[in-house]
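Visitor: Hi, could you walk me through this one? I have a few quick questions.

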Amino acid sequence: MAEKQVMIFALDDSDHSYYALEWTLDHFFPSPSTSNFKLIIVHAKPNPTSVIALAGPGTTDMFTLVETDIKRAAQKTIDKSKELCKTKGLTNVVCEILEGDARNVICQAVERHHASILAMGSHGYGAFKRAVLGSVSDYCSHHAHCSVMIVKKPKPKN
């Protein structure tokens with residue numbers, strides 16, 4: 001039996017990301033046992049120092065609280081994705097919580113796992129927000145060394 005290709009799914013805690021994960025599961029894992037892919041879900045959590053830009057008395061306590069909250073939120077995100085996978089019949093999914101800038105963390109995961117495809121959602125930012133905030137999906141589409149699939153959540157019909 002041929003070894004399965006690796007698919008990395010980049011997950012954040014947004015409705016767009018969960019929609020993209022569900023879409024990916026429906027289209028690439030309709031029958032998990034016969035899928036050609038091994039799924040690895042990667043969630044990038046920020047470094048606490050990138051959230052706190054303070055120095056002075058009490059900073060250590062604040063740092064610990066923020067770090068605990070970030071870890072808790074990251075685990076909650078992964079748990080929600082595992083539950084979604086489980087409801088779709090996919091139980092052998094690998095999940096990783098990695099610390100750092102999402103763009104770099106995702107591209108490094110692609111390299112480390114020799115992924116053949118990277119799947120992710122799109123927040124649907126306009127040109128202005130994309131210019132100000134940056135776009136993780138845009139960055140990855142240019143820098144990941146594999147095919148990149150960006151799943152967009154349909155806009156509601158008026």
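**Contacts and surroundings**

Guide: Leaving aside neighbours within four places in sequence, H43 is in contact (heavy atoms within 4.5 Å) with L11, D12, D13, A74, T77, I78, E96, I97 and L98. This is a predicted model, where local features need pLDDT of at least 70, side-chain atom pairs count only at pLDDT 80 or more, and totals for chains, interfaces and linings use all residues. Residues are numbered from 1 along each chain as its sequence is written, and side-chain values use heavy atoms, with hydrogens and water left out.

Visitor: Is H43 buried or exposed?

Guide: H43 is buried, at a relative accessible area of 8%. Buried means under 20% relative accessible area, exposed over 50%, and partly exposed in between, using a 1.4 Å probe and protein chains only.

Visitor: And what does the side chain of H43 reach?

Guide: The backbone oxygen of L11, at 2.8 Å.

Visitor: Where is H43 placed?

Guide: In strand β2, residues 37-45. Strands are DSSP runs of E with at least two residues, helices are runs of H or I with at least four, and numbering starts at the N terminus. Eight of the nine residues of β2 are buried, so the strand is largely enclosed by the rest of the structure.

Visitor: Which strands pair with β2?

Guide: Strand β1 (residues 5-11) runs parallel to β2, joined by seven bridges, and M7 stands opposite L39 in β2. Strand β3 (residues 94-99) also pairs with β2 in the parallel sense, over six bridges; here A44 faces L98 in β3. Two strands pair if DSSP finds at least two bridges between them.

Visitor: Last one: what is the phi of H114?

Guide: Near 55°, a positive value in a residue other than glycine. Most residues other than glycine have a negative phi. H114 lies in the loop between α4 (102-113) and β4 (117-122), and H114 is exposed, at 67% relative accessibility.

Key: Polar contact = N/O pair within 3.5 Å; in protein donor to acceptor, adjacent residues only side chain to side chain.
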